[in-house]
Amino acid sequence: MSDCVFCKIIAGEIPSTQVYRDELVTAFRDIKPAAPIHVLIIPNQHFASVNDVTSEDEPLMGHLFTVAKQIAEQEGIAESGYRLIINTGPDGRQEVFHIHMHLLGGQR
C-alpha cells in the first residue's frame, strides 16, 4: 500500500528504531510510547486489520506472538510481564490501518 505509513517503514522510506526484523515481520519502537518499553510488531505483508486475516494467515499471525515473546525476553521484561494489544477498526481505536501488535512493558 503506497500510502500506508507502516508499509513505508518496512520499505525503509520512513526511518524507525528497529528492534527485530525477519522475512515475515518487523518490530520497532513506538514514536509516542505509552510505557517505558513500547514496541510495535507488524507483518511485512499489508493487512488493513484483523478483519482481513484468513485461516491461511494463521502461521504468520502466530509468528507475531512468538516474536513478541522473543522481544520481551530481549528487552528484559518477559519475567515481570508485558501487555500485547491489537486494536481493530475505528471503534477499537485502530489509528494505522495495517495490523500491528503493541508490546508494552517496563511498568505496572
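This is a predicted model: local features need pLDDT of at least 70, side-chain atom pairs count only at pLDDT 80 or more; totals for chains, interfaces and linings use all residues.
As a reminder, strands of a sheet pair through backbone hydrogen bonds, either parallel or antiparallel. Widening the view, we find an open sheet formed by 5 strands, in the order S1-S2-S3-S5-S4, with antiparallel pairing. Strand S1, residues 18-21, and strand S4 stand at the edges with a single partner strand each, and therefore one side of each has no neighbour in the sheet. On average, and with direction ignored, neighbouring strands in this sheet are turned by 15° against each other.

Now to the helix that packs on this sheet: helix H2, residues 58-75, touches S1, S2, S3, S4 and S5, and its direction makes about 155° with that of S3.

The structure holds 1 salt bridge, in which the side chains of Arg-29 and Glu-75 meet at 2.8 Å, N to O. This pair links distant parts of the chain, since Arg-29 lies in strand S2 and Glu-75 in helix H2, 46 residues apart.

Finally, let me turn to the largest pocket, which has a volume of about 770 Å³. Its lining is made up of 32 residues, and those that lie nearest the centre are Asp-30, Lys-32, His-38, Leu-40 and His-102. Which elements each supply at least two residues of that lining? They are helix H1 (5-10) and the strands S2 (25-29), S3 (37-43), S4 (82-85) and S5 (101-105).

Note on methods: Residues are numbered from 1 along each chain as its sequence is written. Side-chain values use heavy atoms; hydrogens and water are left out. On a 1 Å grid over the protein atoms alone, a cavity is a set of points where a 1.4 Å probe fits but cannot get out, and a pocket is an open set with protein on both sides within 12 Å along at least five of seven lines; lining residues have an atom within 4 Å of a point. Grid points are joined across faces, edges and corners, and a volume is the space filled by probe spheres set on the points. Helices (H or I, at least four residues) and strands (E, at least two) are DSSP runs, numbered from the N terminus. Two strands pair if DSSP finds at least two bridges between them. Axes are lines fitted to C-alpha atoms, for helices over the stretch in contact, and angles run from 0 to 180 degrees between N-to-C directions. Contact means heavy atoms within 4.5 Å. A salt bridge is a side-chain nitrogen of Lys or Arg within 4 Å of a carboxyl oxygen of Asp or Glu.
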